[in-house]
Amino acid sequence: LTSEEGDSDDENDNNDNTSSLGMWRLETDDDVQTAFMQAEQFFQRHQDENDFTSMKRPTLVIHVTKDPNAPPPPPPPPYLVGMPDPLTSPTMTMLSFYAFPPDGGISDPESTADQLKRLWRPFRALGRVYVANEG
């Protein structure tokens, strides 16, 4: 979590979790909750102080790094053990998701669908992409 230049919260100045660069380490669930609360408070202050703003909702940027001392990941769940390689499997998995963006939806659904297809091409995804103005 980073703070805006010149933004200073006295309550965080002596916090062991705060660096001089305006970044906070998120190591516990409480740290994550605090980060979301701070993002919401910053957003509210920004909205109150600016008549016109491009900020539509609180934004939180999280940079994840690998901990070299972290334990190995857990084994895959039993239903994934022995699953065939998706590239050689005769079966398919269907994926469906919804997104309803704020402020009038998607202005160019066709371009958005083309962009999604390009993003998924390296995965050899097959099928159709439906995008509408509302999401």
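V64 counts as exposed, at 73% relative accessibility. Here exposed means over 50% relative accessible area, buried under 20%, and partly exposed in between, with a 1.4 Å probe and protein chains only. The model is predicted: local features need pLDDT of at least 70, side-chain atom pairs count only at pLDDT 80 or more, and totals for chains, interfaces and linings use all residues. Residues are numbered from 1 along each chain as its sequence is written, and side-chain values use heavy atoms, without hydrogens and water.

V64 sits in the loop between α2 (29-49) and α3 (109-120). R25 lies 39 residues away from V64 in sequence and 10.0 Å away in space, C-alpha to C-alpha.

The protein has three helices and zero strands. These are DSSP runs numbered from the N terminus: helices are H or I, at least four residues, and strands E, at least two. Of the 135 residues, 13% are buried.

The largest pocket has a volume of about 1,400 Å³. Among its 34 lining residues, T93, M94, L95, A125 and L126 are the closest to its centre. A pocket is an open set of points on a 1 Å grid over the protein atoms alone, where a 1.4 Å probe fits, with protein on both sides within 12 Å along at least five of seven lines; lining residues have an atom within 4 Å of a point. The lining divides into 22 nonpolar, seven polar and five charged residues.

Note on methods. Points joined across faces, edges and corners; volume = space filled by probe spheres on them. Nonpolar A, V, L, I, M, F, W, Y, C, P; charged D, E, K, R; others polar.
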